[in-house]
Amino acid sequence: MLQRIVRIFIILKEKLALLFQDERVESMWLYEGILKILDEKGPLPLSALCYEADSLFLGDEFTHGPSEIYTVLNKEKELFSIKDGMISINPGKQPLKLSVFAELPGVGAHQLRVDFTRGQFILIEWRDKDSPRFNGVSEPKQPGDIAAFKRKVYKSAIWNWDKSYLSGEGIILDGFTWSVKLKTKSAVYERSGTNKFPVKWKILQGGIRELTGYPFG
C-alpha cells in the first residue's frame, strides 16, 4: 500500500513538472513573439497584439489570448509600456545603436558597431601577430540576423548592468577588458569591466557570435 502511494506521488510530481515546464516554454515563446511583433509593428492595442500573436504562432498548441498576453506584460513591466490602450516597447529600452569592444592582450581585440535603424553592422578586428590563436587570414563568415540579435540585446538587459565591473585583483595589466555603449530611443547606457562580467554577459556575447560568426572575446 505504501509503495503504491509513493508511486502515485512520483507520477503526480512528474506530471506537475511537465506542466510547469510547458508553461515556462509557452511564456518564453510568447515573450519573444511580443517583442518581435511590437518591434516590427510599433504600438498596438491588445486586440491587434492578440491577432498578431495568433498569426505568428499559427498551428502551435498554446493559447495567446488577452490573459496570457497580460501575464507576460506584467512579468516584464520594465520592458513594456501600456498607455491609452496601446502596448509598446519602453522607448528607454528600444535599441537604436550598439557598440561593443573586447580586448585580451596577447591575443587581439574586437569592436562591433550595430545600427539597428539601418539594419547594418560592422566588425573590426585587431590581431596580435604572435598569437597562436590566429593562423593566416580569416575566412569570410556568413552574417546572422540583426533582428534576432536585437532580441538578444533585449534579453541581456544592459540597462540593468552595473556601470563598472572589476575583479578586485588590484592593478590589472593583462586582463580581459570590455566595454558596451547602448543608445536607445530615450537613453544611453555605458558599461565596462575587466576580468568580471554581468550575469547576462553570455547572452550578449553569444548573440554577437551568432551575428558575426567570430569568437568575440
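Helix α5 is followed by G213, whose phi is positive, near 80°. The model is a predicted one, in which local features need pLDDT of at least 70 and side-chain atom pairs count only at pLDDT 80 or more, while totals for chains, interfaces and linings use all residues. Residues are numbered from 1 along each chain as its sequence is written, and side-chain values use heavy atoms, with hydrogens and water left out.

Helix α5 comprises 12 residues, 201–212, helices being DSSP runs of H or I with at least four residues and strands runs of E with at least two, numbered from the N terminus. From its first C-alpha to its last α5 reaches 17 Å, close to the 16 Å expected at 1.5 Å a residue, where the expected span is 1.5 Å times one less than the number of residues. Its buried residues (under 20% relative accessible area, with exposed over 50% and partly exposed in between, for a 1.4 Å probe and protein chains only) are W201, L204, Q205, G207, I208, L211 and T212. These residues lie on the same side of α5 because they cover an arc of only 160° around the axis, the arc being that of the directions from the helix axis to the C-beta atoms. On the other side of α5, K202 and E210 are exposed. The cover over the buried residues of α5 includes β4 (95–104), β5 (108–115), β6 (120–127), α4 (146–156) and β8 (177–184).

An open sheet of 6 strands runs in the order β6-β5-β4-β8-β9-β7, with mixed pairing, two strands being paired if DSSP finds at least two bridges between them. The edge strands, β6 and β7 (164–166), each pair on one side only. Strands β4 and β5 pair in the antiparallel sense over 8 bridges.

Conventions: Contact = heavy atoms within 4.5 Å.
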